[in-house]
Amino acid sequence: MPHTLASVRETVERLWPLSGAEAWDAPGLVAGDPAAPVERILLAVDAVSATVEEAVDGGADLLLTHHPLLLRGVTSVAEDRYKGAILARLIKADCALIAAHTNADVVADGTSAVLASLLGLTATTPIAPSAGGAGDTGIGRIGTLAEPTTLGALARRLAEILPATAGGIRAAGDYQQPVSTVAVCGGAGDSLLGTDAVRAADVYVTADLRHHPASEAREQAAVGGGPALLDVSHWASEWLWLDTAAEQLRRELPGVVVEVSDLRTDPWDFAILQ
């Protein structure tokens with residue numbers, strides 16, 4: 001029986017239940033006819049002009065992104081505004097749009113869990129467990145390396161795992177500092193800096209660390225303990241999850257072609273080191 005957008009949507013929401021999303025989030029179906037057939041899906045982190053064109057040119061019936069296009073309210077979808085232009089391009093090409101955001105972060109094999117697994121962390125638990133959820137659901141992950149290493153070596157390991165970006169990996173801490181317990185949060189994670197789990201880790205790996213939260217965390221670490229910091233690309237830290245998501249969709253949707261976009265949608269193009 002052919003898959004429709006409605007049946008694919010049901011699968012997506014079973015894999016990444018909307019009930020797991022944060023209250024401020026806006027995941028789910030953004031555009032598309034529920035009755036339309038779906039034979040090809042493209043996964044990407046962002047719904048931007050480049051990934052939309054990739055989906056349309058590749059004959060995708062659905063673009064499934066991690067970040068919601070309409071996360072913040074809009075008052076116009078006129079085509080002289082980029083969100084309106086993106087929606088119009090998708091609709092005219094009969095390509096639907098679905099987002100799986102924080103509801104895909106909290107699941108057992110979500111964004112942070114994938115990053116933790118690639119780093120080889122064992123005995124992982126969520127940094128912020130889901131209220132009333134299973135023990136392996138929640139935001140972020142903390143675990144232990146199979147063998148202790150140094151902050152510098154861990155940063156280099158991340159550079160091998162993550163796709164290259166202009167920003168690379170920034171570190172706060174001594175290069176030779178020993179690390180064993182590692183906390184990770186794919187995407188922006190400075191809101192978790194004050195949690196007991198992160199403060200108990202030797203190092204915290206996340207993205208979009210702002211000056212004041214990072215500075216305060218390092219000052220606190222000097223007097224009362226706390227982690228070294230590794231700041232990575234937001235896009236790169238979440239792109240890793242797409243392959244896992246694609247495999248899940250292939251198992252659940254036999255006959256549907258599921259592909260992952262390799263386009264870099266990190267917003268930065270180059271950096272100059274002083």
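Visitor: In this model, how do the residues of the lining of the second largest pocket divide into nonpolar, polar and charged?
Guide: Keep in mind that this is a predicted model. The second largest pocket is lined by 13 residues. By class, its lining divides into four nonpolar, five polar and four charged.

Visitor: Which residues lie nearest the centre of the second largest pocket?
Guide: Let's start with the space itself: about 280 Å³ lies in the second largest pocket. Strand 12 (228-232) and helix 9 each supply at least two residues of its lining. Nearest the centre of this pocket lie Gly 167, Asp 231, Val 232, Ser 233 and Trp 268.

Visitor: How much space lies in the largest pocket?
Guide: Good one to ask next! The lining of the largest pocket has 14 nonpolar, nine polar and nine charged residues. The space inside the largest pocket comes to about 950 Å³.

Visitor: Which residues that line the largest pocket are the closest to its centre?
Guide: About 950 Å³ of space lies in this pocket. It is lined by 32 residues, and the closest to the centre are His 67, Leu 71, His 101, Ala 188 and His 234.

Visitor: Where does the largest share of the lining of the largest pocket come from?
Guide: Four elements each supply at least two residues of this lining: helix 3 (82-92), helix 4 (102-105), strand 10 (178-188) and helix 9 (234-239). The largest share is four residues, and it comes from strand 10.

Visitor: Are helix 2 and helix 3 roughly parallel or roughly antiparallel to each other?
Guide: Look at the axes of helix 2 (residues 49-57) and helix 3, which come within 10 Å and cross at roughly 5°. Angles under 35 degrees count as roughly parallel. Helix 2 and helix 3 are therefore roughly parallel.

Visitor: How many residues of the contact of helix 2 with helix 3 are charged?
Guide: Helix 2 brings Ser 49, Val 52, Glu 53, Val 56 and Asp 57 to the contact, while helix 3 brings Ile 86, Arg 89 and Leu 90. Sorted by class, these are four nonpolar, one polar and, for the charged group, three.

Visitor: Which residues of helix 10 make the contact with helix 1?
Guide: Helix 1 (residues 5-15) and helix 10 (residues 241-252) pack at an angle of about 130°, with their axes 11 Å apart. Helix 1 and helix 10 are therefore oblique to each other. From helix 1 come Thr 11, Val 12, Arg 14 and Leu 15, and from helix 10 come Gln 248, Leu 249 and Glu 252.

Notes
Residues are numbered from 1 along each chain as its sequence is written. This is a predicted model: local features need pLDDT of at least 70, side-chain atom pairs count only at pLDDT 80 or more; totals for chains, interfaces and linings use all residues. Side-chain values use heavy atoms; hydrogens and water are left out. Axes are lines fitted to C-alpha atoms, for helices over the stretch in contact, and angles run from 0 to 180 degrees between N-to-C directions. Angles under 35 degrees count as roughly parallel, over 145 as roughly antiparallel, 65 to 115 as roughly perpendicular and the rest as oblique. Contact means heavy atoms within 4.5 Å. On a 1 Å grid over the protein atoms alone, a cavity is a set of points where a 1.4 Å probe fits but cannot get out, and a pocket is an open set with protein on both sides within 12 Å along at least five of seven lines; lining residues have an atom within 4 Å of a point. Grid points are joined across faces, edges and corners, and a volume is the space filled by probe spheres set on the points. Ala, Val, Leu, Ile, Met, Phe, Trp, Tyr, Cys and Pro count as nonpolar, Asp, Glu, Lys and Arg as charged, and the others, Gly among them, as polar.
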